[in-house]
Amino acid sequence: MTDSKYFTTTKKGEIFELKAELNSDKKEKKKEAVKKVIASMTVGKDVSALFPDVVNCMQTDNLELKKLVYLYLMNYAKSQPDMAIMAVNTFVKDCEDPNPLIRALAVRTMGCIRVDKITEYLCEPLRKCLKDEDPYVRKTAAVCVAKLHDINAQLVEDQGFLDTLKDLISDSNPMVVANAVAALSEISESHPSSNLLDLNPQSINKLLTALNECTEWGQIFILDCLANYMPKDDREAQSICERVTPRLSHANSAVVLSAVKVLMKFMEMLSKDLDYYGTLLKKLAPPLVTLLSAEPELQYVALRNINLIVQKRPEILKHEMKVFFVKYNDPIYVKLEKLDIMIRLASQANIAQVLAELKEYATEVDVDFVRKAVRAIGRCAIKVEQSAERCVSTLLDLIQTKVNYVVQEAIVVIKDIFRKYPNKYESVIATLCENLDSLDEPEARAAMIWIVGEYAERIDNADELLESFLEGFHDESTQVQLQLLTAIVKLFLKKPTETQELVQQVLSLATQDSDNPDLRDRGYIYWRLLSTDPVAAKEVVLAEKPLISEETDLIEPTLLDELICYIGTLASVYHKPPSAFVEGSRGVVHKSLPPRTGSSESAESPEAAPSAGQAAEQPAVIPAQGDLLGDLLNLDLGPPVSGPPLAASSVQMGAVDLLGGGLDSLMGDESEGLRSDVGGSPAMGGGGGFAAPGPAVPAGVGAPLGSGLGDLFDLTGGVGTLSGSYVAPKSVWLPAMKAKGLEISGTFSRQVGSISMDLVLTNKALQVMSDFAIQFNRNR
Amino acid sequence: MIHSLFLINCSGDIFLEKHWKSVVSQSVCDYFFEAQEKAIDVENVPPVISTPHHYLISIYRDKIFFVSVIQTEVPPLFVIEFLHRVADTFQDYFGECSETAIKDNVVIVYELLEEMLDNGFPLATESNILKELIKPPTILRSVVNSITGSSNVGDTLPTGQLSNIPWRRAGVKYTNNEAYFDVIEEIDAIIDKSGSTVFAEIQGVIDSCIKLSGMPDLSLSFMNPRLLDDVSFHPCIRFKRWESERVLSFIPPDGNFRLISYRVSSQNLVAIPVYVKHMISFKENSSSGRFDVTIGPKQNMGKTVEGVVMTVHMPKAVLNMNLTATQGSYTFDPVTKVLTWDVGKITPQKLPNLKGIVNLQSGAPKPEENPSLNIQFKIQQLAISGLKVNRLDMYGEKYKPFKGVKYITKAGKFQVITGREY
């Protein structure tokens, strides 16, 4: 008696048999046949050949059969547009049916048939249904407008459906309101400028009323819509908050998170002196914690959002550390997120517990998790000064386990601890040196070499250690080579007598035997510095390095504020603004938090840190290496190569980030040296050179410095090989696949002191291309 | 909004697809398979995956992946909640949410999906509305249908669809009017080596089974409502009343549903009903170790702790275990290294004990970590938080319903850590 019988086939040919059955006189047989067709469809089999036969079954009183035929139609109408027209009459007739269920069904199905010709016939029935007496039909029709807009936006505007839809926001039935809001939101997503959801205090009031009465999904739509509203003053913001707060107790986690978004956003407008402000803060914690007892997938999304909330308002969850402790059966993606939040919440008060947990995690089986746990210990040390000693001893314990990847991670973080607390924990260097041989990852090797170079004067056999690395110099990765070069120069400056030979060896390895321009450049700089003015060399290479800041991975405040406006969305999961990843984002509107209106705090800038007191402590954000690179070269090619309007394709092509992450590898060769020397990135900043400026290098510095370098090499040109003449072969930056046939390839070259870019555009579309543009963006 | 849905089984076959907008090719699932391969373990597949043109949001339930395809910015929680609702509906309709059940009822599944979502917007997800639109399959009905030719699709507009109480249909009639409430509490706890509580909280729910005629309006009050400070409510509950009077006032859905779920986390309120004495040690340079665990009851208000089961993930180096249990039976799986001890009831007079020798792989280094013990137990007729229902009143209907409340406490994620001290 089950439906699996519909999947059985006979030898004669399934389609043929079905055809016969569909044309049978018996109603029952027909219905069974349609069910078989649907069953084939569900598994992706192509049954479009049966189109006319199935459509013939459409005129029937049997609702189930009708629904089944509709299901079929929606799937295949697109491939058989001419045939689909046959169905129009039945649809139009059904839209007049006395049964509201059938009226709604007809208008709903018609909207799903994505055939231009049909949409013309759809307008009249749709107009009627939008004004139908039955709210069920109205709410279905509201969604249908969004469907129609997706197929033919112009038609919807011409027919005035948008105005009708706006009127529905004032409908008496909350479900209709919710659907109208949902439809308008979807439409306005593709027309960000159209300002369809023109919210004013009256409509807000209507939405808030509907909020209490509509379904959970409707509540999500309404809350998301409310979040886009800008209250005119703090009083209005408070009254909206008060009416939204009950949603925090909803069983549906999506409702809860949407409500959190509205509250987080409007809270920005409330004065901190207000009693209500404190109450609200208190009310936000429990629902967020509750989200963590839900299914793991929900937890993951919740944790990504909590990560943002904790950065924006750490006070909300500061007492809830324990709920973020990892459970042994959490999926790995939950574990990693929890770990992140644990570090953000770590403070002097709870550090002991956190460390005990982290130490435990470091003995688990999952390698990624263990690595992150070890790193977390290091980050705790840097964040909570009082715990640094304990963290270091924990790390030493872990190094004693001799588990290879644990040791390597530990060494990488200990290097950071040295940079935060110089001249404090150097006693552990001996232990680190014992593990020299087991290091096989570039990052760990580089870190170890940095340590040896930095503290060369305290390590008796520093020269031997570094010499041992030098043996396989050419097999090392660039990172290690650069670090080794710098470390040996440091060593030479500290112990010039014994290491002359060593430094000469490394300089010649770097400048003469290496193909890597970065390495050569750095080698030459050192060489010249050392040979012309050793005192200056000492000042440059052994300059005092700035302390690294507390947290290296905080989201930049303006971005954070923008992301807070996107709580609960994909953007919040990826921690990127939608403009960075939403495909075909046709001019995404940047959202920002409302400014605080409280008069007492008017002096505070809207983007300032959570509280005035904390503003001072807000750690500076060190840009990640990738970002920095962008800054240095002032090149971020993210051209919205607006889609060439070819043929009838109405699909807009989104901005293709040509160089995106690829810039790293693309430019890696030329910029590696600049990066580590100028960057002051926590990992490599100690590399010496250029009297390392503070961590936040202003974007402008990069370019002049670059050209300065060029000049320098013009001078050196006479001495060694002329590195300026090297031009990398062109590589493809934008494959034709991604850009409707437009291929862009190019390369960077250095010509007498300036960097230039050569581009070749190729049309691979086999058609004429016109109206395309390339935009070169400066990166901040 | 939600564009398409693919159902995929554990061996990676796409056995159902449904598109609410245009058709998205199955090949989009390749990105999912890629992630699945990377994750190794099925539970570790990340729930949000981005592909060049779409986003895949998935849940894993009952050995089935529900993979939804979205194209625009949609709240992921909304999608995940919806997917869980789909799985719940299948469970509700077919008694189980399995590949076989779905394949056996593929047409109903398709009709359901069509009814639940329109153009990616949720349409009807309440089970009582769905059941009026599409009747669940029963053996009797399919027999009747095949004789009379009638269908399992309702042809009138469901009554709950638009009312302010979409969760209840009109015209419900029962001969026996009953209302049952189950107060179920689960203790999540981490106990450290010395027996002190590192972390403990109670996750509680009140599940209800309400079979009342007409439109009853119920009020449920508690002896100690102050316990409930972090609560999630079923939409039927009037929030205002709760805020002002701490009374749950609602017109209930028909049948089984979860009335509230709550969390009690303040440490002093979470009583730990069992204690565990343990001695697990591995000797240096020897291929054996000792294992000795005793479980005993703590403060539990005179109720018996029963259904006690202990599972331990032993270190990899453990070959097998030679133990004797004074009560119950134990098994050790040498492949997964999981030790399970089914204890049963704990009587305070004679405490259950499990002890013996652990054999290690010869030559392997002494295991670093000490295993954590996961304990399950049950206590009938007790809500460990102390929550107590005071009374249930019914308004709006004349008959006298039969009322009942049941309490039960269970272990949730209850771990005793043997290697760590705070």
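# A walk through chains B and A

Start by selecting Ser68(B), whose place is in strand β5 (residues 64-70) of chain B; helices (H or I, at least four residues) and strands (E, at least two) are DSSP runs, numbered from the N terminus. Before you go on, note that this is a predicted model, where local features need pLDDT of at least 70, side-chain atom pairs count only at pLDDT 80 or more, and totals for chains, interfaces and linings use all residues. Residues are numbered from 1 along each chain as its sequence is written, chains are lettered from A and ligands numbered from 1 in the order in which they are written, and side-chain values use heavy atoms, with hydrogens and water left out.

**Stop 1: around Ser68(B)**

Is Ser68(B) buried or exposed? Ser68(B) is buried, at a relative accessible area of 0%. Here buried means under 20% relative accessible area, exposed over 50%, and partly exposed in between (1.4 Å probe, protein chains only). Now show what touches Ser68(B): leaving out residues up to four places away in sequence, the list is Ile2(B), Ser4(B), Leu5(B), Tyr55(B), Leu56(B), Ile57(B), Val79(B) and Leu83(B). Contact means heavy atoms within 4.5 Å.

**Stop 2: two loops with positive phi**

Next, pick Lys63(B), in the loop between β4 (55-61) and β5 of chain B. Its phi is near 65°, a positive value in a residue other than glycine. Lys63(B) is exposed, with a relative accessible area of 61%.

Then jump to Arg246(B), in the loop between α7 (239-245) and β12 (247-250) of chain B. Phi is positive here too, near 60°, and again the residue is not glycine. Arg246(B) counts as partly exposed, at 30% relative accessibility.

**Stop 3: Tyr180(B)**

Select Tyr180(B) in strand β8 (residues 178-191) of chain B. Tyr180(B) is partly exposed, with 29% relative accessible area. Which residues is Tyr180(B) in contact with, leaving aside neighbours within four places in sequence? They are Asp207(B), Ser208(B), Cys209(B), Phe402(B) and Gly404(B).

**Stop 4: all of chain B**

Zoom out to chain B, with its 7 helices and 23 strands. The C-alpha atoms fill a box of roughly 75 × 55 × 45 Å along the principal axes. Of the 422 residues in chain B, 57% are buried. Take the contacts in chain B between residues at least 6 apart in sequence, and 68% of them join residues at least 24 apart.

**Stop 5: helix α13 of chain A**

Over to chain A, which has 36 helices and 3 strands. Of its 780 residues, 58% are buried. Select α13 (residues 216-226), a mostly covered helix in which 11 of 11 residues are buried. Among them are Trp217(A), Phe221(A), Asp224(A) and Cys225(A).

Select Glu476(A), in the loop between α25 (462-470) and α26 (478-494) of chain A. Glu476(A) counts as buried, at 13% relative accessibility. Leaving aside neighbours within four places in sequence, Glu476(A) is in contact with Arg445(A), Phe469(A) and Gln481(A).

**Stop 6: the cysteines**

How many disulfides are there over all chains? The count comes to 0, a disulfide being a pair of cysteine sulfur atoms within 2.5 Å. Select Cys391(A) and Cys380(A): the sulfur of Cys391(A) has its closest cysteine sulfur there, 5.5 Å away, which is too far for a bond. Cys391(A) is buried, at 0% relative accessibility. For Cys565(A), the closest cysteine sulfur is in Cys241(A), 13 Å away and also too far for a bond. Cys565(A) is buried, with a relative accessible area of 3%.

**Last stop: colour by confidence**

The mean for chain A is 76, and 77% of its residues reach 70 or more. Over residues 598-724 of chain A the pLDDT is below 50, and this stretch has 207 contacts in the model beyond near neighbours in sequence.

Note on methods. pLDDT is the predictor's confidence in each residue, from 0 to 100.
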